[in-house]
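What holds a reader's attention here is how the parts meet.

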Amino acid sequence: MKKITKILFLAVVILLATQPSIFAAVDTTSGASAAPNPAPAPAKPPAQSTPQEPQTIVDMARILTALEATESIMPDSELYSIKLLIEELFADLVTADAPKAELLLDFAGRRTDEAAYLHSIGNDTLALELSKQSVDLLSQVNSTLESAAKTDVDGISDTLLGVSAIGERVVSLLNLMAITFDDDDQLLNAVASAQEQIVHSIVINAAMAVGDVSYDKQSVFDFAMAAYLAALEQKSPDPVQSAFDALVLSGLLEKEPVVQSTPSRYYYDDDDDDDDDHYEYEYEHDDDD
């Protein structure tokens, strides 16, 4: 009981620490009103309309640092429900798209760490559930960033790379559970869902790189998925980057898309000139004749 009380107290302290200082707000307000101005200029009222606005900005670095206090609490702890409650409280503090996505990505990483821990102690059933929760969070990150990319691209690319990284961790973890579930449909579906989020993040990143976010989502996604799976099959050293490059070069994200068949093979082009050796996709073009 003492540990629970301590954690709750810590949560309150953390929340207060990440909020703009109440006293600072009072001082700012009282300072502005305490200085009597016998003849206020007409331009003053507009200037006074937004003095407190910077204080409402939530400092993501401070929030993520504060959350580290609960990071080591695992699902088999009696404090786990409090950990989730604290995450929920922090999530409610952040409303802007880019910071919200960053926070959700951190939560996805936590669920993945917890799933890995549960797998290590032989509880694959709960590990699978937490892996699926991680994928759901990655889906929320992608949806949030897809909206944010239309107006603000600063810092989004790094978060999208984080989606890919965590998605690949989830897939690797799920593959380790294959013996437990023996190709169970829910395991296969979880792997497919994780790969979908990886590819979704690749598509958003590639669209921002090209500068067009009004692409044909289905055709672009299908191409990126084929490129990603082809890179995996051919054991690309970086399947995410390979699929990203293929999508950017495909022309599908241009204002007037270039018709391109999906990649059928991913291979290493080893010619006589070592400087030009690189990985390439081979396409099977459909004849329209």
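Which residues in α6 meet which residues in α8? A101, E102, L105, A108, G109, T112, D113, A115, A116 and H119 in α6 meet T159, G162, V163, I166, R169, V170, L173 and L176 in α8, where contact means heavy atoms within 4.5 Å. By class, this contact of α6 with α8 has 10 nonpolar, five polar and three charged residues. Ala, Val, Leu, Ile, Met, Phe, Trp, Tyr, Cys and Pro count as nonpolar, Asp, Glu, Lys and Arg as charged, and the others, Gly among them, as polar.

The model is predicted: local features need pLDDT of at least 70 and side-chain atom pairs count only at pLDDT 80 or more, while totals for chains, interfaces and linings use all residues. Residues are numbered from 1 along each chain as its sequence is written, and side-chain values use heavy atoms, with hydrogens and water left out.

The protein chain has 12 helices and two strands. Helices (H or I, at least four residues) and strands (E, at least two) are DSSP runs, numbered from the N terminus. Along the sequence the pattern is α-α-α-α-α-α-α-α-α-α-α-α-β-β. Of the 289 residues of the protein chain, 38% count as buried; buried means under 20% relative accessible area, exposed over 50%, and partly exposed in between, with a 1.4 Å probe and protein chains only. Among contacts between residues at least 6 apart in sequence, 68% join residues at least 24 apart.

Back to the helix pair. The axes of α6 (residues 97-120) and α8 (residues 156-176) come within 10 Å and cross at roughly 15 degrees. That makes α6 roughly parallel to α8, as angles under 35 degrees count as roughly parallel, over 145 as roughly antiparallel, 65 to 115 as roughly perpendicular and the rest as oblique. Axes are lines fitted to C-alpha atoms, for helices over the stretch in contact, and angles run from 0 to 180 degrees between N-to-C directions. The crossing of α6 and α8 is left-handed: the near helix is turned anticlockwise from the far one by less than a right angle, whereas clockwise would be right-handed.

A second pair is formed by α10 (residues 185-210) and α11 (residues 217-233), which pack at an angle of about 115 degrees with their axes 9 Å apart. The crossing of α10 and α11 is right-handed. Q195, E196, I198, V199, H200, I202 and V203 in α10 meet V220, F221, A224, M225, Y228, L229 and L232 in α11. These residues divide into 11 nonpolar, two polar and one charged.

Charged side chains come next. Side chains of opposite charge can pair when their charged atoms come close. A salt bridge is a side-chain nitrogen of Lys or Arg within 4 Å of a carboxyl oxygen of Asp or Glu, and by this rule the count comes to eight. One of them joins K83 and E114 (2.6 Å, N to O). K83 lies in helix α5 (residues 80-93) and E114 in α6, so the pair ties together parts that are 31 residues apart in sequence. Both K83 and E114 are buried.

E114 also meets R111 in a salt bridge (2.8 Å, N to O). R111 and E114 lie three residues apart in α6, about one turn of the helix. R111 counts as buried at 3% relative accessibility, and E114 at 0%. D106 and R110 form another salt bridge (3.3 Å, N to O); they are four residues apart in α6, about one helical turn. D106 is partly exposed, with a relative accessible area of 26%, whereas R110 is buried at 3%. K83, E87, D106, R110, R111 and E114 are linked in a network of salt bridges.
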